[in-house]
Amino acid sequence: MDEGGARIRRWVRVRQRSRPGLGSVFAAPTAAELEPGDEEEEEEGGLKETVVGSRREKTVEVEVEVEPAQNNDSEEDMFGDYDSFAENSFLAQVDDLEQQYMQVPQLRKHASDLTIKDLCSGSIKHNKLSITTVGNFTELKVDEHTKNQSRHKDVFIEPDLLYDVPSSQVLYFENLQNSSNDLGDQSTKEKDWNSSSHKIGNEELPQNSTEHHRQIDDPCSKVGTSSEENRRKSLKEHLKSAMTGNAKAQTPVFSRTKQLKETLLSEEINVAKKAIESSSDDLGPFYSLPTKVRDLYVQFKGIEKLYEWQHTCLTLNSVQERKNLIYSLPTSGGKTLVAEILMLQELLCRRRDVLMILPYVAIVQEKISGLSSFGIELGFFVEEYAGSKGKFPPIKRRGKKSLYIATIEKGNSLVNSLIETGRISSLGLVVVDELHMIGEGSRGAILEMTLAKVLYTSKTTQIIGMSATLTNVEDLQKFLQAEYYTSQFRPVELKEYLKINDAIYEVDSKAENGMTFSRLLNCQYSDTLKKMDPDHLVALATEVIPNHSCLVFCPTKKNCENVAEMICRFLSKQYLKHREKEKHEVIKNLKNISSGNLCPILKRTIPFGVAYHHSGLTSDERKLLEEAYSTGVLCLFTCTSTLAAGVNLPARRVILRAPYVAKEFLKRNQYKQMIGRAGRAGIDSIGESILILQEKDKQQVLELISRPLENCYSHLVQEFTKGIQTLFLSLIGLKIATNLDDIYHFMCGTFFGVQQKILLQEKSLWDITIESLRYLTEKGLLQKDTIDKPKEEIQYSFHITKLGRASFKGTIDLAYCNILYRDLKKGLEGLVLESLLHLIYLTTPYDMASCCDPDWMIYFRQFSQLSPAEQNVAALLGVSENFIGKKASGQPIKKKVDKDIVNRLYLSFVLYTLLKETNIWSVSEKFNMPRGYIQSLLTGAASFSSCVLHFCEELEEFWVYRALLVELTKKLTYCVKAELIPLMEVTGVLEGRAKQLYNAGYKSLTHLANANPEVLIRTIDHLSRHQAKQMVSSAKMLLHEKAEALQEEVEELLRLPSDFPSIAASSEKA
């Protein structure tokens, strides 16, 4: 016995596997670390190695102090470093230890320093901490006598570092210690003495310092009594039971390693937050963000270093002071990265929500997929607001912040809902991509309204706008009260060329006529080829394909298809061999996503690496072709101008087939966007654009390439019902401005107000304001109240009517709100619920019906196939079979029938057939319509159905529609079999991909969220690693959002109401 009193000693024989230490928390594991390690080398002393058969074992003499352990959950192997429940296993050792420990009452006189101090299963080294593990139980004793006699390095284990110990074991030892506290005052005194005699715990030790502990030569004798054994079941059984329980538990388990990573990230965010709030120039590790953000950009996007202009922009004083900012650069200059860094600063450091507004649904989905991975890693939500998706008002989250990515229309609705609920100040940043769209029609008017309301209602919300094509920036600066930054930087040099006949000229602003001769096109054309390809498209394309990519912009959709076929007719057979297997995979996948159907043109062109790209394709087809183009399987796209404003698909060479978009001559903005696709950063050293023109267009083209970009003008008043009227309705409905003076003052601060001198010639802004308010009042959307003020003129105040509120909440175009109300009211008189046709008619978009031109023979054929219940719907609407028959046969019609109702019913037939068959191809053939148009109709109907639902929620008389429209909206949104809907909720997963996933066994959101991307790549055809990771990240994000929403709901239910009557209030009443 040593002078400190008796200790429990035991020879323990252990088979041990090496495991990662603390270093793995901060560094990615190597391949070697991921594999079972070799056995540890023998220490200088204390280890006696024996060989039994072919097995190497270690005999470790261990001295153990017993102390309460921390409760740590771990996602590691529950059996730690030990292999089995066999005689020499860890559990057997601890079982023996327990038997001895239970005899403490008999051994009290010997156990003056008895504690279980630590359980450690790996060597842990980081910074100044130096730890060497001996076996699994370690004595921590540091008095001078021990230092001089020991042959081992000193072992200091911090209690916080017990993350490698299975939670069931740690919990058990905690309970064991609690039970030992009942042994009496003597035990407590012994522990107090022991803790005062030893220096233990959470202090750092210099790396070079070494201390020793003493070995004891003779093991203690084992003592046990049957009464104690009967009183309590063995430790082994207890641990087995606890481990089994842990294995069956459904709650997620987080490792200590993960907790340490999160702690480190949290600390860096706090540092970055302080750096942002301070006025110093020290911005922290990565533009006020944790170093992890920089690492994630390298990992997910391969971005290792920012361009110089990006660094300059991010370090501008205006950015540091959180002033509003507009910045403009050429396409492909890297504008989005700056916006993303600013968004992450707002989410992580300032802890406020962010709204990002993008022009198209496809771009919203692309951005959602790209940023979901960051959200998972950095702890914020990424929420989609596009089409029929999005919750109003958004869920209020107390913990994590949200990044809302929205289309222009949904962004407006989101801002309205935040203002209405008094939460607009929670929005720290609004980012607008393609800011020049503020000057484009009704969508521009909606964008202007959104930004004007943010500026007026929240002085703490920063606005960032970016675009590649801005000119009259001064007006936008004045409207947004913003600073301006611009640069002509482009990562890849762009050379512009014009082709006239056989000659190619380079665009040169210094030349007298704006161009200089470059070269003659040298091509051997047969007479047939000259006739088929007078513009030499084949020659221009074959200069770059198949090793580089090429985009050919065509004026119309039909021209895209014709050009693709023509090019393939004259391409060499050698092009068929380039990535032949992968091209066959593309064809196979196109068939799979289209139920065995394949466009005959694509069937002929894809083997050559060529395809067309326009709105006539379905979303599934477009996505698959874009993926194939991005990976180089397809090398040439013939496309319309919409591709230039949509997803990012750059090319080595861009060819403009003609200086026209449809029948309109090309605008400078459109031209810049198209040629901006030339040159792929990191792939090409140069980008080329070639505009093909005829002699007759030469003068116009020379003006096109030399003139400045078109100015950006407000459409707020020009788009009357979608613009100024909708704005006034929302201002009064949200109580932002309710009297004439306030409304006029608001209008002066809009983009239109800034440009009123240019845009208004005959009427003043005051006159237009009064005229618009009078129109809304006459339409029954507003009511006017008179306010008498003494000694002053009479002032008018306005309040919104029920119909007005329903229109504003449903974002219904005011041109149709009275018609919608009338249709819904009439529907209540005889709503036919035997089929979905009547409901589908009520949710068919009015604006699409006005542009519809029915095929009367098909209309009559479909009408004659209606069931009696469905014919009742047509009769209620006033459309008879006789009328359709006469139209089909060309007979004169005496009875007048509303054309809009007839057209709307025809589109309802298309949607109704589609919901029954869920196959766009068969419906496309049946109605002789492009499949892309049918899908656009479906998307529009889903969005309008969502609007009608919100409209009905505000009007009590339409209560019956609410439940019906919820289900119909879901059916229209996905239009697939019910089992695929959970998978299609994930951004970027369309019907074809959902079918592949479902057939591979991924049948729910949870399955996909827990999928291994590497396994997905092997299981799912034509899925790249990048796409697989994005898909899994998006699924995880959606799952976390749903879980968080449920948790918030539970907390809300359990929280004591703020207006709960207090005892004091009750006693006062008494």
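How exposed is lysine 323, going by its relative accessible area? Select it and look: its relative accessible area is 38%, so lysine 323 counts as partly exposed. Keep in mind as you go that you're looking at a predicted model.

**Zoom out for a moment**

Show the whole chain as a cartoon. You'll be looking at 50 helices and 24 strands. The chain has 1070 residues, and 52% of them count as buried. Switch to a surface view: the chain exposes about 50200 Å², with carbon and sulfur atoms supplying 49% of that. What share of the contacts with a separation of 6 or more comes from residues 24 or more positions apart? Those residues account for 73% of such contacts.

**Back to the salt bridges**

Next, select arginine 579 and glutamate 582. Their side chains meet in a salt bridge, at 2.8 Å from N to O. Arginine 579 has 29% relative accessibility, so it counts as partly exposed. Glutamate 582 is at 32%, so it is partly exposed as well.

Then jump to arginine 822 and aspartate 823. Here the salt bridge spans 3.8 Å, N to O. Is aspartate 823 buried or exposed? Aspartate 823 is buried, because its relative accessible area is 12%, and buried means under 20%. Arginine 822 is partly exposed, at 47% relative accessibility.

For something with several partners, select Glu420, Arg805, Lys809 and Glu954 together. Salt bridges with shared partners join these four residues into one network.

**Last stop: a nonpolar patch**

Finally, go to helix α49, which covers residues 1025-1054, and click on leucine 1054 there. Leucine 1054 has 71% relative accessibility, so it counts as exposed. Together with Leu1054, they form a nonpolar patch on the surface. How much accessible area do Val1050, Leu1053 and Leu1054 have together? The answer is about 360 Å².

Terms used: Residues numbered from 1 in each chain as written. Predicted model: local features only at pLDDT ≥ 70, side-chain atom pairs only at ≥ 80, totals over all residues. Heavy atoms only, no water. Patch = residues over 30% accessible without salt bridge, like charges linked within 9 Å, V, L, I, M, F, W, Y side chains within 5 Å. Areas by Shrake-Rupley, 256 points an atom, 1.4 Å probe, with all protein chains shown as cover. Helix = DSSP H or I, 4+ residues; strand = E, 2+ residues; numbered from the N terminus. Buried < 20%, exposed > 50% of the residue type's maximum accessible area, 1.4 Å probe, protein only. Contact = heavy atoms within 4.5 Å.
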